[in-house]
Amino acid sequence: MRGPNVTYKFLCMAALLWIAPAAHAQDPVTLTGDASFAKNEEIRLLVYDDLLNNIPKVAATGKIDHNGHFKLTYQTNKIRPVQLAIRTTKADFFVAPYNEYHFHITTDTALFGMISPEKYGGFLQITTDRTDTADLNYKINRFTRYFDLVMGYYGFRLTYDRDINAYDTVMRLLDERFPNQYDPDNYYSSYVYYTRGLVDKLCMPKEQSRLYDRYFNHDEVLYDNPAYMILFNNVYSNYLYNSKYISKDLLTRTINEAPDYLALFNEAGRDPMLVNERLRELVIIRNLIDFYDNEEFDRGNIIRLLKYIRASSHFPEHVTYAGNAVELLTPSPEVDCNITLKNEKGKKMDFREFEGKDIYLQIFQSDCVDCIREMLILKELNKRYGDKIQFVSLNVDMDKVDYERFCKQYKGMFDWPVLYFNGNYDWLMLQGVETLPDYLIVNSAGQVLLRNAPAPDYGLSDYLLRRYPPSEEPEENPLFRNR
């Protein structure tokens with residue numbers, strides 16, 4: 001944990017990433033508005049239908065016209081939180097069936113041109129002409145602002161000092177404005193209830209049974225409630241590995257030696273906090289994902305167990321979660337990254353043009369001094385390994401004029417493709433590209449082979465030497481030179 005306020009802010013932001021599973025007929029929602037700072041830009045509506053893996057999906061796209069106006073339509077049958085995104089700058093809000101929304105959108109234009117503006121407080125600022133105190137947006141925002149304020153003041157004492165007096169004060173302050181009650185059928189009440197649960201988890205992290213009795217000892221599993229799922233992830237991440245009721249030997253055997261889901265499921269059932277079979281299977285999915293990067297467990301068998309759950313689970317949500325986990329952990333080589341590439345002359349290019357080679361992507365912007373310095377290192381590495389791996393510098397300047405100016409300034413200096421990226425910002429966000437320069441290794445089909453590839457000035461030379469060792473030719477014997 002990097003600081004006492006990080007988790008709370010993440011909770012409040014993630015609360016708006018909730019999407020209920022589809023059921024019954026879908027009803028229209030219309031979103032209109034103006035964003036004069038982003039004329040002729042694409043605007044996207046993003047949804048998250050899997051709060052375990054947090055996979056964003058584009059639900060609607062539109063074009064902001066030359067006057068700064070836009071219109072989006074979306075089909076839903078329930079109240080749903082969504083995100084509006086222009087380039088990589090986003091904002092969160094709720095929509096309800098049959099409703100029409102009209103927004104005025106502004107942002108800090110200096111941050112808008114950055115690859116990850118939210119790291120510096122750059123968000124889309126949404127205002128509306130009408131304030132409705134009964135609206136879920138108003139109620140959630142009012143609660144989260146107050147919650148942030150209280151936790152910002154008392155968070156350190158709760159997290160590090162375990163100050164019970166501070167805990168009592170926080171709960172009293174929340175009770176005065178936001179009464180606490182368990183009501184799984186009321187989205188807002190559940191959100192408040194499970195948000196408060198995070199305070200319990202932070203202040204009393206070892207009191208697992210208390211957390212279970214208060215928050216998870218219920219028949220319902222609130223898949224579509226972000227506060228529930230955040231608390232679930234905090235309580236049950238790597239839980240199987242640390243449970244005193246579960247045999248470490250059996251856990252290892254059922255995953256590493258012979259993947260046996262039923263044996264794992266039954267062994268997990270010995271834990272009194274996993275009596276509920278629905279909750280137990282969800283915990284198993286969560287933990288298999290957690291174990292994937294743990295060297296003690298066999299990755300191939302983890303994937304086999306997730307595929308078994310995907311094929312045999314009785315719970316539709318678990319089928320989706322396990323399937324998404326398999327796709328995230330083992331992306332298909334057939335999936336194209338679907339980004340648009342152009343060279344300095346405007347000619348479209350495709351990764352397939354480099355078929356037969358892995359592709360080292362250096363992602364950069366033209367005003368990044370470190371990026372240009374690294375290109376001088378790439379130039380030397382390209383001379384040595386260019387016949388074995390394809391180097392590509394991928395420019396993500398928000399304004400193509402900056403890219404064109406860069407190409408003119410450094411014309412002829414770099415003997416590998418320096419291409420312009422102009423399209424799928426969602427792909428950049430999915431890969432977690434937040435600071436530049438960044439590096440990936442992909443193949444010609446767009447499959448990411450190595451997400452955190454080594455930097456040119458730190459590790460890339462050694463990586464390439466190991467992967468493409470020089471051919472060993474027999475040394476010439478001078479005694480037989482004339483034969």
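Q: Is H318 buried or exposed?
A: The relative accessible area of H318 comes to 0%. Buried here means under 20% relative accessible area, exposed means over 50%, and partly exposed is in between (1.4 Å probe, protein chains only). So at 0%, H318 is buried.

Q: In which helix does H318 lie?
A: This is a predicted model, where local features need pLDDT of at least 70, side-chain atom pairs count only at pLDDT 80 or more, and totals for chains, interfaces and linings use all residues. Residues are numbered from 1 along each chain as its sequence is written, and side-chain values use heavy atoms, with hydrogens and water left out. Helices (H or I, at least four residues) and strands (E, at least two) are DSSP runs numbered from the N terminus. H318 sits within residues 316-329, which make up helix α13.

Q: Which residues does H318 touch, not counting those up to four places away in sequence?
A: A contact means heavy atoms within 4.5 Å. Leaving out residues up to four places away in sequence, H318 touches Y223, R278, E281, L282, I285, I309 and S313.

Q: What is the relative accessibility of G33?
A: G33 belongs to strand β1 (residues 27-34), and beyond four places in sequence it touches G68, H69, F70, H102 and F103. G33 counts as buried because its relative accessibility is 3%.

Q: Where does R87, a residue with positive phi, lie?
A: Most residues other than glycine have a negative phi, and most peptide bonds are trans. R87 is not a glycine, yet its phi is about 55 degrees. At 12% relative accessibility, R87 counts as buried. Its place is the loop between β5 (80-86) and β6 (89-95).

Q: Is N238 buried or partly exposed?
A: N238 has a positive phi too, near 60 degrees, and is found in the loop between α7 (226-236) and α8 (239-242). Its relative accessibility is 28%, so N238 counts as partly exposed.

Q: Is the peptide bond from L436 to P437 cis or trans?
A: P437 is in the loop between α16 (425-430) and β14 (438-442). Omega from L436 to P437 is near 0 degrees, and the bond is cis.

Q: How far does helix α14 reach from its first C-alpha to its last?
A: The expected span of a helix is 1.5 Å times one less than its number of residues. Helix α14 (residues 369-385) has 17 residues, and its reach is close to the expected 24 Å. Its first and last C-alpha atoms are apart by 24 Å.

Q: What covers the buried residues of α14?
A: The buried residues of α14 are C371, I372, E374, M375, L378, L381, N382 and Y385. Their cover includes β11 (358-364), β12 (389-395), α15 (400-409), β14 and α17 (460-467).
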